[in-house]
Amino acid sequence: MDWKAQFQPQIVDRGFDYYCRGLVTDGQKSAHEIRAVVTGTRRYHVALTIEEEVVTSAECDCPYAAEGKYCKHMAAVLFWAFGDDDQPEDLLEEHGLSVPQLMAAASEQQVRDFLTSLLQRNGQLATQFELVVAPEKAGSHLTTYRNDVRAICDSYMDEDDFIDYRQAGAFEDELSTFIQTHVQLAVDRQQTKVAFKQLTVTVLILADLDIDDSDGELMLLDEVCHDLWEQVIAQANLPLQRQIFTWLTVHANGTLQAFEESVTDLVFTHFTTAEFMQAKLTWTAQRLQTAKQRSEDWEVGEWATRHLQLMIDLKAAPADIAQFCSDNANYSTVRQAYIKYCLDRNDYTTALEQLLAGKRQAQGMRYQGLLSRYSRQLAALYQHLGKTTNYRRELWQLETVYDPADLTAFRELKRLYSTADWPDQRKRLFAALPQTADVAPLYAEEGLLRQLLQVVLAQPGLTGVQTYAAILKPKFSAQLLDKYVAVVEQMAAHTGTRKHYQAIVGILNDMTAYPLGSNEANRLIKTWRVKYARRSAMLDELHKFKG
């Protein structure tokens, strides 16, 4: 399967590295679906769909994939599923000797002469070689490493010291390879302090870089650095961990640009001994104070929440935690963390007070999503406490006001009424729903097919018809087919790209699953061949109709 053409070359290379390192686990493969876990910066879950040897959908919960791009974790899983189709050593053998054969055939002097010539021409390779044969001198080459990183950056800059989007991909590819080669070598050679210094140099240079990274080049570089940071921290002894912690907390001050979040994450993910936890508590208190002075609400909320979590982890006095939450109650993330703390301690009275206060606050600020969240939490707590009346009332408000026509809340409400009472309550509930609510899932849930049919026929497009075809088709196939005809005729009335015409043919093919659907599709095609005779692309695609 040739899937690599769907990925950027540098992504394929990163994925192959992850695959070779054995980071793909829990793999499951079927004819059309592949699922696995890839252990990168964290454990990332990958799901891929394959149709006719093409990746048709791909999901991963890493930040890079969140932007709709194919990531290295997906590539690693595909290497796991299908292996590496490239066989560079075999290709070499087709034209001459393999690498092992070449080494066996060469004399010691030939190897020395060739290596000497190669190292004299390539300063970066010479630095790597010295790290292998004389690791005790490696620290003296930090200046060389810094200059090499800057030289790579400079080589892709224009006269205004800017790397534009046309150069960004190649830049990221070269610099990532350089970083991984040099820093990973230092890590592998247990030169942990050297690797640490190299990473600090890299991050500081990249934080000042002026680049159009439209395809996420800085994010990819950040992932490379983050992976190496984690190896360095895990390998470092306590004195070096203290140095690393100090560097990270000093520089995570808003100046590291694209690397800020990653560096901050390193601080909170690692350094979990009592010494570092106490240091983090002091650090977050300072950051919180600075954020308040700048009056940046989002920043205050972030650092207040982090500080509160540290207080909880360090088992601060409940009175101190309560006071801190009272002082920072304007921030929903703080209140949410405090609610969880109270629930974990079975302090249901305080949790209920906080949920009600949070709900009032969200209502005042008209934060619908937050209001819905508080309402769901209140309903769950009322249910847990056996407060049935409150539970029913909260569910009713959630279903009719805060998150109208939510199927989960609807099902919960139904369970609170007897079979005899439910039809009347359901009628009252539907009457209370706003006109904009999507009631189709509720009608489908209750088997109210005529009402469901009215809704899906009134909707633009075919999404509703296709979603509920399985339950509507046995009774209302004629009405659904009429909807197909109306939609596809409207689409055909407008010119478009090949993709547009392919979508039309796809709908025509779907129509053949209905009684008389093939007849209707052929009738339409016959009409269009005359009406749209000048649309060559459309007529060409219509030949692909299967009915």
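Q: Buried means under 20% relative accessible area, exposed over 50% and partly exposed in between (1.4 Å probe, protein chains only). With that in hand, are Trp-283 and Trp-303 buried or exposed?

A: Both Trp-283 and Trp-303 are buried. Keep in mind that this is a predicted model, where local features need pLDDT of at least 70 and side-chain atom pairs count only at pLDDT 80 or more, while totals for chains, interfaces and linings use all residues. Residues are numbered from 1 along each chain as its sequence is written, and side-chain values use heavy atoms, with hydrogens and water left out.

Q: How do I read an aromatic pair, and how many does the structure hold?

A: Take the rings of Phe, Tyr and Trp (its six-membered ring): they pair if their centres lie within 6.5 Å, and planes under 30 degrees apart count as stacked, over 60 as edge-to-face and the rest as tilted. Here you have 22 aromatic pairs. Phe-268 and Trp-303, for instance, have ring centres 6.2 Å apart and planes at 50 degrees, so that pair is tilted. Phe-268 sits in helix H12 (residues 260–269) and Trp-303 in helix H14 (residues 297–313), so to speak a link between distant parts of the chain, 35 residues apart. Helices (H or I, at least four residues) and strands (E, at least two) are DSSP runs, numbered from the N terminus.

Q: What geometry does Trp-303 have with Trp-283?

A: That pair is edge-to-face, with 5.1 Å centre to centre and 80 degrees between the planes. Trp-283 belongs to helix H13 (residues 274–294) and Trp-303 to helix H14, 20 residues apart, which again links distant parts of the chain. The relative accessible area of Trp-303 is 2%.

Q: Which residues do ring pairs link into a cluster?

A: Trp-3, Phe-7, Phe-16, Tyr-19, Tyr-70 and Phe-79.

Q: What about salt bridges: how many does a search of the whole structure find?

A: Side chains of opposite charge can pair when their charged atoms come close. The cut-off is a side-chain nitrogen of Lys or Arg within 4 Å of a carboxyl oxygen of Asp or Glu. The search finds 22. Arg-43 and Asp-26 form one of them, with the closest N and O atoms 3.4 Å apart. Since Arg-43 lies in strand E3 (residues 43–51) and Asp-26 in strand E1 (residues 24–29), the pair ties together parts 17 residues apart in sequence.

Q: Where do Arg-498 and Glu-541 lie?

A: Their closest N and O atoms are 2.8 Å apart in a salt bridge. Arg-498 is in helix H26 (residues 498–511) and Glu-541 in helix H28 (residues 536–542), so parts 43 residues apart in sequence are tied together. Arg-498 is partly exposed at 38%, whereas Glu-541 is buried at 3%.
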